[in-house]
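Please keep the display in view as we go.

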Amino acid sequence: MSPGRSTPRRPTPSAKAAGRSRERKLKGPKISVSAPIKRPRTNSPDRANAVLATAKRVLQIESEAIAGLIDRLDERFESAVELLRGCKGRVVVTGLGKSGLIGRKVAATFASTGSPSFFLHAAEALHGDLGMLTADDILLTISSSGETEELVALVETVKRLGIHLITMTEKPHSTLASASDIVLDIAVKEEACSLNLAPTASTAAALAMGDALAIALLELRGFNADDFAALHPAGRLGKKLRRVEALMHTGDNVPRVLPTAKMPDVIYEMSRKRLGLAAVTGPRGELLGIITDGDLRRMMQKSRENILDLAAADCLTKNPITLPRSELAAAALRLMEEKKITSVLIVDSERRLEGVLHIHDLWTLQLF
């Protein structure tokens, strides 16, 4: 053994036992990975039936709550819509709790249908956000009781600014209703909650009344699909409202030939532009007809003469299906599906060729 190096000591049996004991304490009890996992028992048929019965009862109560509003619509609703129509500022919607959540959605519906609108949190309004209001605004409050403390506290400022106040409430004789210019009754017989406590049917009724206001105002103003598209440029709605002019092939990318062009030149133009067709146009761009690759196949099968000796005017199909550039992409897709075609020619009011829309151009819009 080399000098200066100590001999390693072997652990004694008692030390080994102590080490194993510490190891067991650290690792904990062993768990068998093959042991079956206990899963909760599946619902019994009786429980499943009870769940469905509850769901049906909730939907029935809420649908009756909304239907109950119909007979209560009168000149007050008409006056509210006319007041909103004449609003020179914004439709400001406010509420607290569940009514506040409904108010956010109502404000969003107004805004997306052409009426400038935003939601004002009733509590935050009392701590500085009242500065958002102007004399040209209209305040739409939603309160089941009509006694919501924060909303009642807004009345003094609203009246001082000369802002018109519309209230949706179940209590037409409440403090808030008494201070309002127009009151819309949204009372319900009962909540869908089995305790008759949680706002369910009442919030459904408030939301439906808000939608009725927004859509009645939309139609009164003549708000159309073009206006809607301008406010929804993104998302699935925006894609569905895209116009043909934003998707069509234009300029040198449009396969076109003169009626005097020989068929070899027509075939070359079709192959080069890769749209499966060639539009036949006059010298001023007026559309005379169309030749598709399907037309070529059918002509080769039926014709006894060599089609390569023919001119475009001999092979075209007159009066092809066309669309204006302002048409919606969704409408173009529907037309292609109905006519079982893959492309459509885009023309102006004088039937001059402006572009070609292929069904592949619509795939990115997720309209299928």
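Predicted model: local features only at pLDDT ≥ 70, side-chain atom pairs only at ≥ 80, totals over all residues.

**A buried aspartate and what surrounds it**

D361 is buried, with a relative accessible area of 17%, where buried means under 20% relative accessible area, exposed means over 50%, and partly exposed is in between, using a 1.4 Å probe and protein chains only. Residues are numbered from 1 along each chain as its sequence is written, and side-chain values use heavy atoms, with hydrogens and water left out.

Where does D361 sit in the chain? D361 is in the segment after β11, and helices (H or I, at least four residues) and strands (E, at least two) are DSSP runs, numbered from the N terminus. Leaving out residues up to four places away in sequence, D361 touches L247, H249 and V356, contact meaning heavy atoms within 4.5 Å. With H249 there is also a polar contact of 3.1 Å between the two side chains. A polar contact is a pair of N or O atoms within 3.5 Å; within protein, one must be able to donate a hydrogen and the other to accept it, and residues adjacent in sequence count only if both atoms are side-chain atoms. A polar atom of the D361 side chain also lies 2.8 Å from the backbone nitrogen of H358.

Let me turn to a serine. S180 lies in the loop between α7 (175–178) and β5 (182–185), and at 13% relative accessibility S180 counts as buried. Its side chain reaches the backbone oxygen of L176 at 2.7 Å, and, leaving aside neighbours within four places in sequence, S180 is in contact with L165 and T167.

Next come two residues with positive phi. N319, which is not a glycine, has a phi near 50°; N319 is placed in the loop between α13 (312–315) and β9 (322–323) and counts as exposed at 69% relative accessibility. R351, also not a glycine, has a positive phi of about 60°. R351 is found in the loop between β10 (343–347) and β11 (353–358), and at 33% relative accessibility R351 counts as partly exposed.

Leaving aside neighbours within four places in sequence, A80 is in contact with I166, I182, L184 and L213, and the C-alpha atoms of A80 and I182 are separated by 6.6 Å, although the two residues are 102 residues apart along the chain.

Two packed helices are described by the angle between their axes and the distance between the axes. Helix α3 (residues 75–85) packs with helix α8 (residues 201–221) at an angle of about 60°, with the axes 10 Å apart; the axes are lines fitted to C-alpha atoms, for helices over the stretch in contact, and angles run from 0 to 180 degrees between N-to-C directions. That angle makes α3 oblique to α8, given that angles under 35 degrees count as roughly parallel, over 145 as roughly antiparallel, 65 to 115 as roughly perpendicular and the rest as oblique. From α3, the contact is made by F77, A80, V81, E82, L84 and R85, and from α8 by M209, A212, L213, A216, L217, L220 and R221. By class, this contact of α3 with α8 has 10 nonpolar, no polar and 3 charged residues, where Ala, Val, Leu, Ile, Met, Phe, Trp, Tyr, Cys and Pro count as nonpolar, Asp, Glu, Lys and Arg as charged, and the others, Gly among them, as polar.

Helix α4 (residues 98–112) also packs with α8, at an angle of about 20° and with the axes 9 Å apart, which makes α4 roughly parallel to α8. The residues of the contact of α4 with α8 divide into 8 nonpolar, 3 polar and 3 charged.
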